[in-house]
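Subject: Structure handover

Hi,

Here is the structure I promised to send over.

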Amino acid sequence: MQYFLSEDTSYAQRPIIELQRRATWIAVAILFQASNEIPHIAEFNALIPFFLLLGSFWALWMALRPTPKQVEEKLEKPGHRPVRTWQRVVLILTFLVTLAGMFQLGRGVVECFSAPQFSNDGTSLDTNAAILLVQGRNPYSESNIPELFRQFDISPNWTTPLRQGQFTNRLDYPSMSELQSILNTSLKSGDVPEFEAKVSYPALSFLTLVPFALFQNYNVLPLYMLSYLMIVILAWRAVNPALRPWVILLAIANVPMWASTIGGNLDIFYTLLLMVSWLKRDQRWISAIFFGLALATKQIAWYFIPFYLIMAIQHYGWREACYRMAIAGGIGLAINLPFIMWDYHSWFAGVMAPIADPMFPMGVGLISLSTSHLIPYFPTWVYTALELGGMVMTIAWYWRICRSRPEAAMLLAVLPLFLAWRSLSSYFYCVAFPAFILFSAQAKPARQYAFDYLRARKQTGQVRSTAQV
């Protein structure tokens, strides 16, 4: 316990105690999300994922909020022990979950040397896009389902069905047998309107896979495993040495993030880019370049634009914010510009596919109340309005707390997706660990913390001067 939860209540140790308290809440968030990865858990009750994700959001906010006054007052009492029983319980449970994390780690290493397994169509479409590009073909205009199934061994439930063709006028997600039957029928006819075939992400999503296509090694999992490793290395270097045991513990126990990594989800890669842009926010070019790369990778990174702008304005001023947004926007546009010029309509249709194409409602958010038939489905514009309203609220919230809690963007930027027509759990899995890294990296040195504490006591008249103390 002593490596994770300090019993020392001296002023010099106060910042570490505070960060350990917040790290414990991050562990609670990971435990909630890890429970969602228990096989078939949604079969017991379709609303279980909904409440597990809500619980993780609550724990994340507890980690991001300032230290409660009652906690600070207790630390001042002589002989008070800062570590509570609930922290020890959470730590023990987190250690138990590392068993599942180590299994996932071993599985990921083994699969890096195995035949490619595309458990989501985003990865298979991106890999196929890299292959098309190497062949001199336009990935956005020539991607198609028949060629994709000839190229890779893909299960029908690893595709994205659309509410058109034989699925027209239905809202409930098709069963595995329906997907297989309709896919076989459509493949024979050569027309497959029921499944998403477009490359649905900006260009950097598949440009990073071009080396795999050049060497005809289509197992792209090493890229995502390397992205996770880079996140852990950045965390190790950024945080206070006293918090490095937490880095290793949370990195291994983070079963949800391992699930995204092994599944080949693009989220792990764009999360790495966003993390660097916030970690290096004091360096204009590094921060803006990495933010631009994130914008050129996946549309969810676009949700971070107002938050990055607010962070730049409040910490560096309007002029600096304009410079940074020009750099980031220029990089994002430059990477996609060749494909825009190649075929603007195909590029736009692909990038807008997650919004424009008639996808089935699904996810762990508000929509799960309808997919479980607890409440009826609302029109799609209702969910869009709720998402936009949530975005306005989180942006206003971030404006208030950004100066003291810039890392809150990792949660607030994706929180509106919980209200969307599609709110996949993978949207939220890459939040907890990066948030921990960011607030640990920007912690005040112990001497500065002590000086601020004494200055506050001076203002209340408890001491006459900091020099006296």
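Below are some notes on salt bridges and a surface patch.

This is a predicted model, in which local features need pLDDT of at least 70 and side-chain atom pairs count only at pLDDT 80 or more, while totals for chains, interfaces and linings use all residues. Residues are numbered from 1 along each chain as its sequence is written, and side-chain values use heavy atoms, leaving out hydrogens and water.

The structure holds eleven salt bridges (a side-chain nitrogen of Lys or Arg within 4 Å of a carboxyl oxygen of Asp or Glu). One of them joins Arg-284 and Glu-320, at 2.8 Å from N to O. This pair links distant parts of the chain, 36 residues apart: Arg-284 is in helix H16 (residues 284–295) and Glu-320 in helix H18 (residues 318–342). Helices are DSSP runs (H or I, at least four residues), numbered from the N terminus. Glu-320 is buried, because its relative accessible area is 13%, whereas Arg-284 is partly exposed at 29%. Here buried means under 20% relative accessible area, exposed over 50%, and partly exposed in between (1.4 Å probe, protein chains only).

Salt bridges with shared partners also join Arg-137, Glu-142 and Glu-147 into one network.

Within helix H5, Arg-107 and Glu-111 sit four residues apart, about one turn of the helix. Their salt bridge has its closest N and O atoms 3.0 Å apart. Arg-107 is partly exposed at 37%, and Glu-111 is partly exposed at 21%.

Best wishes

Note on methods
Helices (H or I, at least four residues) and strands (E, at least two) are DSSP runs, numbered from the N terminus.
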